[in-house]
Amino acid sequence: MIASIDHIVLTSKDVEKTIHFYCNLLGMKLEKYFNENDSKLRIFLKFGNQKINIHQEKNPFSPHAKNPIPGSVDICFLSNRPIKEWIKIFNENQVKIEIGPVKRHGATSPINSIYLRDPDFNLIEISNKI
């Protein structure tokens, strides 16, 4: 049985903008390492017990999705920070909130969510458990 998600991969047009968004706005931690198998630098973003691997659109690492394109991910992040604080952060950084706050049904409980886009136009949902 599957227990959890270890990581996901985002394909990015502009890795620096992606790093800025996820680290400076969402508070993730940037980490890098050289892969021993191909001697290429890997970039990933850590949060909790998970990570997001970043692949550059023009040079994705193998193996990868059949059609790795920016803007094709829709992901929900649970947060302990109140939604009102997130709204303030995004407003201060000129990040448009598309929808919300709205009540939704999360994986384990009802959630209160806002929806916005990252620099590659992936749909990002930030939620609090209700």
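Student: With which side chain does the side chain of S113 make a polar contact?

Tutor: In this predicted model, S113 has its place in strand β7. Its contacts beyond four places in sequence include E125, I126 and S127. The polar contact of the S113 side chain, at 2.5 Å, is with the side chain of S127.

Student: Does S113 count as buried or exposed?

Tutor: The term buried applies under 20% relative accessible area. S113 has a relative accessibility of 0%, so the residue counts as buried.

Student: Which residue of β7 is the bridge partner of V102?

Tutor: Strands β6 and β7 (residues 110-117) pair over six bridges, in the antiparallel sense. V102 is also among the residues in contact with S113. The bridge partner of V102 in β7 is S113.

Student: Which strands stand at the edges of the open sheet of four strands?

Tutor: The sheet has mixed pairing and the strand order β5-β8-β7-β6. Two of its strands have a single partner strand each, so one side of each is left without a neighbour in the sheet. These edge strands are β5 (74-78) and β6 (97-105).

Student: What angle does the direction of helix α2 make with that of β7?

Tutor: Neighbouring strands of the sheet are turned by 25° against each other on average, direction ignored. Helix α2 (residues 83-92) packs on this sheet and touches β6, β7 and β8 (123-129). The angle between the directions of α2 and β7 is about 5°.

Student: Which element gives the most to the largest nonpolar core?

Tutor: This core has 25 residues, and those with the most contacts inside it are Y22, L26, F77, F90 and I126. Beyond four places in sequence, F77 is in contact with residues including Y22, L26 and I126. Among the elements that give two or more residues to the core are β3 (41-47), β4 (50-56) and β5. The element that gives the most, with six residues, is α1.

Student: How many residues apart are K13 and E57, which form a salt bridge?

Tutor: The closest N and O atoms of K13 and E57 are 3.6 Å apart. K13 lies in the loop between β1 (7-12) and α1, whereas E57 lies in the loop between β4 and β5. The pair thus links distant parts of the chain, and its separation is 44 residues.

Conventions: Residues numbered from 1 in each chain as written. Predicted model: local features only at pLDDT ≥ 70, side-chain atom pairs only at ≥ 80, totals over all residues. Heavy atoms only, no water. Pairing = 2+ DSSP bridges. Axes fitted to C-alpha atoms, helices over the stretch in contact; angles between N-to-C directions. Contact = heavy atoms within 4.5 Å. Buried < 20%, exposed > 50% of the residue type's maximum accessible area, 1.4 Å probe, protein only. Polar contact = N/O pair within 3.5 Å; in protein donor to acceptor, adjacent residues only side chain to side chain. Core = buried A, V, L, I, M, F, W, Y, C linked by side-chain atoms within 4.5 Å. Salt bridge = Lys/Arg side-chain N within 4 Å of Asp/Glu carboxyl O.
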